[in-house]
Amino acid sequence: MKMSVARQQFGKLELQWAYILIMFVKLFHAATLLHHLVVVGFCLLFIPLDNDNQFFWDAKHFYGCYFTNWNFAFQILYFTMCVVADMLDEKSKVNLKSWLEDAKNFLFTVIVFPYTWFSVTCFWTMYHVDEELIFPQALQDLCPPWLNHGVHTNILVVVLLEVVLSPRHLVMSRMKGAVVLTISLVAYDVTYLSGNILYGAYLYPFCTWFYTSEIVMVLIGLNIWIMCFYILGAKFVFTSNIKPQKTRAL
């Protein structure tokens with residue numbers, strides 16, 4: 001009898017902790033989305049780019065060509081999906097919630113995770129070598145330190161927390177995921193090179209060192225760097241729910 005009561009109490013305690021964890025995860029998703037929206041709003045409203053300097057002109061007219069902005073946009077999309085999924089009723093909207101869960105898993109494992117790791121490691125590596133290569137002093141004078149960390153540091157913190165708080169699985173094979181990631185990287189490369197070839201826009205100061213043909217090789221090398229993060233994530237971080245195909249007996 002005492003054992004039965006103890007089990008019931010233990011079960012209730014488990015349910016309470018599970019409820020607390022679920023609420024914490026929902027709060028984390030909402031807070032992260034709010035953080036990202038504040039960063040975007042501050043950039044749009046309070047950073048003037050009206051300057052004769054070529055770097056400022058490029059930043060104003062080709063903001064969609066920056067990899068940081070691509071990564072930040074994917075994170076906003078992901079955490080928006082998280083907030084929507086958190087708000088859905090488990091019983092009445094099972095199909096939509098299930099679709100959102102699969103879409104979230106796909107977006108996080110194939111795009112957000114490798115993009116974020118690359119964005120943070122690439123930026124801070126170059127910044128510590130020579131900050132003028134990636135974040136010129138003229139731009140630093142306009143951007144407060146918290147904003148720089150918002151787009152180049154906090155993004156990795158929230159991704160690591162998301163990995164711990166919301167374990168997930170791969171919704172497609174590693175090879176298919178690699179193909180999707182490659183397509184997204186090619187799309188970015190084309191976007192970046194179009195600004196460079198058509199308008200002579202050198203969005204990152206270190207790119208002024210190279211001819212366009214050499215920039216292509218640099219982009220290929222960076223794409224391989226990103227792919228390595230995807231492979232590491234798919235192998236060591238995320239579990240797979242892809243069932244192996246049964247082989248026919250000969």
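Predicted model: local features only at pLDDT ≥ 70, side-chain atom pairs only at ≥ 80, totals over all residues.
## The largest pocket

The largest pocket holds about 1,200 Å³ of space. Its lining is made up of 45 residues, and those closest to the centre are Ala59, Tyr63, Tyr66, Thr68 and Asn69. Helix 1 (2-46), helix 2 (54-61), helix 3, helix 4 (94-129), helix 6 (145-152), helix 8 (174-199) and helix 9 (212-237) are the elements that each give two or more residues to this lining. Sorted by class, the lining has 36 nonpolar residues, seven polar residues and two charged residues.

Thr68, one of the residues closest to the centre of the largest pocket, belongs to helix 3 (residues 67-87). Thr68 has a relative accessibility of 17%. Because a residue under 20% relative accessible area is called buried, Thr68 counts as buried. Leaving out residues up to four places away in sequence, Thr68 touches Ser119, Val151, His152 and Tyr204.

## The second largest pocket

About 460 Å³ of space lies in the second largest pocket. There are 18 lining residues, and Ile22, Val25, Asp86, Lys97 and Glu101 lie nearest the centre. Helix 1, helix 3 and helix 4 are the elements that give two or more residues to the lining of this pocket. Helix 1 gives the most, with five residues. By class, the lining of the second largest pocket has eight nonpolar, three polar and seven charged residues.

Val25, one of the residues nearest the centre of this pocket, is part of helix 1. Val25 has a relative accessible area of 10% and is therefore buried. Apart from neighbours within four places in sequence, Val25 is in contact with Asp86, Leu165 and Ser166. Asp86 is also among the residues nearest the centre of the second largest pocket.

## Helix 7

Helix 7 (residues 154-165) has twelve residues. At 1.5 Å a residue, helix 7 should span 16 Å, and its end C-alpha atoms are 16 Å apart, so the two values agree. Which residues of helix 7 are buried? They are Ile155, Leu156, Val158, Val159, Glu162 and Leu165. An α-helix has 3.6 residues a turn, so residues three or four places apart point the same way.

Leu165 is in contact with Val25. The C-alpha atoms of Glu162 and Val25 are separated by 8.4 Å, although these residues are 137 residues apart along the chain.

## Aromatic pairs

The whole structure has 26 aromatic pairs. Trp146 is partly exposed, with a relative accessible area of 41%.

Phe108 and Phe238 form another pair: the ring centres are 5.9 Å apart and the planes lie at 85°, so the pair is edge-to-face. Phe108 is in helix 4, while Phe238 is in the loop between helix 9 and strand 2 (239-240), and the two are 130 residues apart. Are Phe108 and Phe238 buried or exposed? Phe108 is buried, with a relative accessible area of 0%, and Phe238 is buried, with 6%.

One aromatic cluster is formed by Tyr66, Phe67, Trp70, Phe74, Tyr115, Phe118, Tyr188, Tyr192, Tyr204, Phe206 and Trp225. Tyr204 is also one of the residues that Thr68 touches, and Tyr66 is among the residues closest to the centre of the largest pocket.

Definitions and conventions:
Residues numbered from 1 in each chain as written. Heavy atoms only, no water. Helix = DSSP H or I, 4+ residues; strand = E, 2+ residues; numbered from the N terminus. Buried < 20%, exposed > 50% of the residue type's maximum accessible area, 1.4 Å probe, protein only. Contact = heavy atoms within 4.5 Å. 1 Å grid on protein atoms, 1.4 Å probe; cavity = no way out; pocket = protein on both sides within 12 Å on 5 of 7 lines; lining within 4 Å. Points joined across faces, edges and corners; volume = space filled by probe spheres on them. Nonpolar A, V, L, I, M, F, W, Y, C, P; charged D, E, K, R; others polar. Expected span 1.5 Å × (residues − 1). Phe/Tyr/Trp six-rings, centres within 6.5 Å; stacked < 30°, edge-to-face > 60°.
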